[in-house]
Amino acid sequence: MAVVVPAWIMITVLVLEAALVMGGLPVTLKLERIIPLGSHELELSRLRERDGLRHGRLLQSSGGVVDFPVQGTYDPFLVGLYFTKVQLGSPPKDFYVQIDTGSDVLWIGCNSCNGCPESSGLQIPLNLYDPGSSSTASPVSCSDQRCSAGMRVSDSGCSGQGNQCSYTFQYGDGSGTSGNYVTDFLHLNTILEGSTTSNSSARIMFGCSVLQTGDLTKSDRAVDGIFGFGQQSLSVISQLSSQGVTPRVFSHCLKGNNGGGGILVFGEILEPNIVYTPLVQSQPHYNLDLRSISVGGQVLSIDPSVFSTSNNQGTIIDSGTTLAYLADEAYDAFVGAITNTVSQTVRPVLSKGNQCYLITSSVTDIFPQVSLNFAGGASMILNPPDYLVQQNSVGGTAVWCIGFQKIQGQELTILGGIFTVLNVLIDWNVLSSWT
């Protein structure tokens with residue numbers, strides 16, 4: 001019997017395994033979150049364009065969990081990103097960084113940065129990391145084996161100046177950052193059983209960016225850096241695990257209501273109702289084994305091979321992608337089923353290639369639930385507000401569009417952050433499964 005998990009449930013993520021948590025709580029990042037403030041009039045085409053470019057208190061465990069505060073909201077028309085605060089250096093200094101499951105490295109703007117914003121529309125103070133002001137900072141040399149590991153994945157090299165290990169990250173929207181790797185202490189707040197806390201620190205390697213270009217120079221959604229939660233050895237979760245500081249597991253739950261925020265912890269969450277679905281192994285991203293899609297309780301007639309994992313094919317979960325993307329065959333069947341269900345009640349319209357609907361009442365009263373069914377019997381339930389995006393209103397009639405998009409000519413499914421991970425506790429075991 002499939003375990004049905006509403007989209008408002010918490011999901012816990014082990015970098016090895018993943019699971020969906022049943023419970024009473026409402027049930028988590030590349031860049032490209034720079035979206036104008038204001039109304040819902042930002043077109044899906046712009047969200048899709050940015051995503052296309054990008055594609056090129058359950059805090060109890062046997063050993064405690066490292067807790068990070070979460071701020072931000074899911075709404076792409078407001079903030080459209082989630083961020084947390086980390087403390088680095090001696091003495092410790094606060095930095096706000098975007099949470100990104102789609103990249104591996106933590107990097108912070110450095111004191112000599114060219115192009116780093118000086119203020120943020122997120123109403124947070126921006127700081128630059130200064131290695132010279134931290135008594136525990138140390139540069140990473142070209143001979144360091146961690147630099148060699150970075151070069152193997154093509155994100156670092158040798159600058160030739162001072163024998164320092166350097167890096168350059170180029171993002172699909174044309175923005176980029178470059179700098180040198182340093183090591184310093186990351187200060188950790190560990191919550192132990194009984195809600196007691198313990199403070200500790202661990203030396204990690206991270207990027208000290210001296211140049212930012214493109215959208216990274218803008219102040220609208222400016223943060224101090226990016227916190228990558230990928231699977232490679234340079235990610236913070238991998239570094240801490242290799243030191244025996246935390247297990248190679250992290251968990252997050254990003255709230256989907258207007259208040260935003262959420263939970264982000266390093267460590268394994270003990271919750272008796274968690275159900276796990278395996279991560280597909282030996283993949284550069286967090287791939288899941290999606291088996292089928294149901295609309296209104298009916299499984300759609302989609303060839304299962306559409307969702308199988310191979311070269312440039314499969315299902316990826318990425319909190320940094322704004323929308324959700326389906327392979328051609330799956331998209332056509334999905335949109336067709338939704339439209340057939342509601343066509344007698346609302347007026348379907350096409351708006352710049354997007355399937356939209358003119359609605360005069362609540363979407364929850366009209367549109368069906370959607371179920372994403374994964375290996376292991378886990379199903380994620382999406383209610384209408386989880387897969388629809390309100391565009392605007394015309395004379396009292398609201399225009400709602402399907403947030404799932406088609407990836408033309410590709411058999412790739414990408415479950416973006418806004419529609420598939422909100423209010424879900426994700427427990428990533430980097431070695432084997434997704435919660």
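**Close-up 1. Cys356 and Cys401, a buried pair.** Both cysteines are buried (under 20% relative accessible area, with exposed over 50% and partly exposed in between; 1.4 Å probe, protein chains only). The model is predicted: local features need pLDDT of at least 70, side-chain atom pairs count only at pLDDT 80 or more, and totals for chains, interfaces and linings use all residues. Residues are numbered from 1 along each chain as its sequence is written, and side-chain values use heavy atoms, leaving out hydrogens and water. A disulfide (a pair of cysteine sulfur atoms within 2.5 Å) joins Cys356 to Cys401. The S to S distance is 1.9 Å. At 95° about the S-S bond, this link is right-handed. Distant parts of the chain are linked here: Cys356 sits in strand S22 (residues 354–359) and Cys401 in strand S26 (residues 397–402), 45 residues apart. Helices (H or I, at least four residues) and strands (E, at least two) are DSSP runs, numbered from the N terminus.

**Close-up 2. The disulfide of Cys147 and Cys165.** Their sulfur atoms lie 2.2 Å apart. The link is right-handed, with 90° about the S-S bond. Cys147 belongs to helix H2 (residues 145–152) and Cys165 to strand S9 (residues 165–170), so the pair ties together parts 18 residues apart in sequence. Cys147 and Cys165 are both buried.

**Close-up 3. The disulfide of Cys113 and Cys116.** Here the sulfur atoms are 1.9 Å apart. The torsion about the S-S bond is about 80°, so this disulfide is right-handed. Cys113 is buried, at 17% relative accessible area. Cys116 is buried too, at 16%. The disulfide count comes to four.
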